[in-house]
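This report covers the overall fold of the chain and then one residue within it.

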Amino acid sequence: MRWPMKIYRVTGESMEPTYSPGAILLGSGWVSSRPGRVAVLDSRACTRRTQSATGRNHIKRIRRIDQHGVWVEGDNAESSIDSRHVGYIGLEHIEAVIVKKIA
């Protein structure tokens, strides 16, 4: 079972200028994933097949969902490891959808 709401802290620069490092976000596991929404991905989602998971979540924008899976990108392309590097991810890697910036 997913928690209905959970707090997340941004640690990297991949979502700037939308979310800066240190921003606190509220995510929901009950909100549907759709293009344009920002999602919290589990630690395995944006790792290359040759690397192990980092142990931390990733926050990325959903660009598209199709028969291949989910294409996600960080808003700051220069600082983001995302689908441009690892390809499509499975829908099962989406832990939550961001519903609000708290701080």
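The radius of gyration is taken over C-alpha atoms, and the globule rule is 2.2 Å times the number of residues to the power 0.38. With 103 residues, the rule gives a compact globule a radius near 13 Å; the protein chain has 12 Å, which agrees. The C-alpha trace spans about 35 × 30 × 25 Å along its principal axes.

This is a predicted model: local features need pLDDT of at least 70, side-chain atom pairs count only at pLDDT 80 or more, and totals for chains, interfaces and linings use all residues. Residues are numbered from 1 along each chain as its sequence is written, and side-chain values use heavy atoms, with hydrogens and water left out.

The protein chain has 1 helix and 6 strands (DSSP runs, H or I of at least four residues and E of at least two, numbered from the N terminus). From the N terminus on, the order is β-β-β-β-β-α-β. Of the 103 residues, 42% count as buried (under 20% relative accessible area, 1.4 Å probe, protein chains only).

Arginine 61 lies in strand E4, residues 58-66. Arginine 61 counts as buried because its relative accessibility is 15%. Its side chain takes part in the polar contacts below (pairs of N or O atoms within 3.5 Å; within protein, one must be able to donate a hydrogen and the other to accept it, and residues adjacent in sequence count only if both atoms are side-chain atoms).

| Partner of the arginine 61 side chain | Distance |
|---|---|
| Aspartate 75, side chain | 2.8 Å |

Leaving aside neighbours within four places in sequence, arginine 61 is in contact (heavy atoms within 4.5 Å) with residues including Met15, Thr18, Val38 and Trp71.

How values were computed: Buried means under 20% relative accessible area, exposed over 50%, partly exposed in between (1.4 Å probe, protein chains only).
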